[in-house]
Amino acid sequence: MSGVKRKRNVLNVKQKLEILQKLDKGESADTDAEDELNEGNAISHSAALQSVETFLDYMGQRGFDYGDITAVRKICVDIRQEMNKEQKQRCIKDFLKH
């Protein structure tokens, strides 16, 4: 199998931001990611967060407007809050199972 290369489908920055904006509004991005990548996988919060943080680094290097950077930072905060909420829900479910 080492000689076989698998084609990786990757979202571009615009596609990632559109999906993150939908997640930020509480909408599901599963279908958009599925359409873009032709796969049934949803984008995980940690993958989305990593992408946004990478984009923030890029924005800082390129001298983007402070307002734009602030808006993208808010997306990071929102993703972290959603991750924390889901983690708390998992902890509660695990506690109730035992």
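Predicted model: local features only at pLDDT ≥ 70, side-chain atom pairs only at ≥ 80, totals over all residues.
Guide: Residues are numbered from 1 along each chain as its sequence is written.

Visitor: Why is Cys-76 called buried?
Guide: Its relative accessible area is 3%, and buried means under 20%, exposed over 50%, partly exposed in between (1.4 Å probe, protein chains only).

Visitor: What makes Cys-91 partly exposed?
Guide: Cys-91 has 48% relative accessibility, so it counts as partly exposed.

Visitor: How many disulfides are there?
Guide: The count is zero; a disulfide requires a pair of cysteine sulfur atoms within 2.5 Å.

Visitor: Why is α1 called oblique to α3?
Guide: The axes of α1 (residues 13–24) and α3 (residues 45–62) cross at roughly 125° and come within 11 Å. Axes are lines fitted to C-alpha atoms, for helices over the stretch in contact, and angles run from 0 to 180 degrees between N-to-C directions. Angles under 35 degrees count as roughly parallel, over 145 as roughly antiparallel, 65 to 115 as roughly perpendicular and the rest as oblique. The angle therefore makes α1 oblique to α3.

Visitor: Which residues make that contact?
Guide: On α1 they are Val-13, Lys-16, Leu-17 and Leu-20, and on α3 they are Ala-48, Ser-51, Val-52 and Phe-55; contact means heavy atoms within 4.5 Å. These residues divide into six nonpolar, one polar and one charged. Ala, Val, Leu, Ile, Met, Phe, Trp, Tyr, Cys and Pro count as nonpolar, Asp, Glu, Lys and Arg as charged, and the others, Gly among them, as polar.

Visitor: What makes α3 and α4 roughly antiparallel?
Guide: The angle between α3 and α4 (residues 66–97) is about 160°, with the axes 10 Å apart. The two helices are therefore roughly antiparallel to each other.

Visitor: Which residues of α3 and α4 meet?
Guide: Those in α3 include Leu-49 and Met-59, and those in α4 include Ile-69 and Cys-76. The residues of this contact divide into twelve nonpolar, three polar and six charged.

Definitions and conventions
Heavy atoms only, no water. Helix = DSSP H or I, 4+ residues; strand = E, 2+ residues; numbered from the N terminus.
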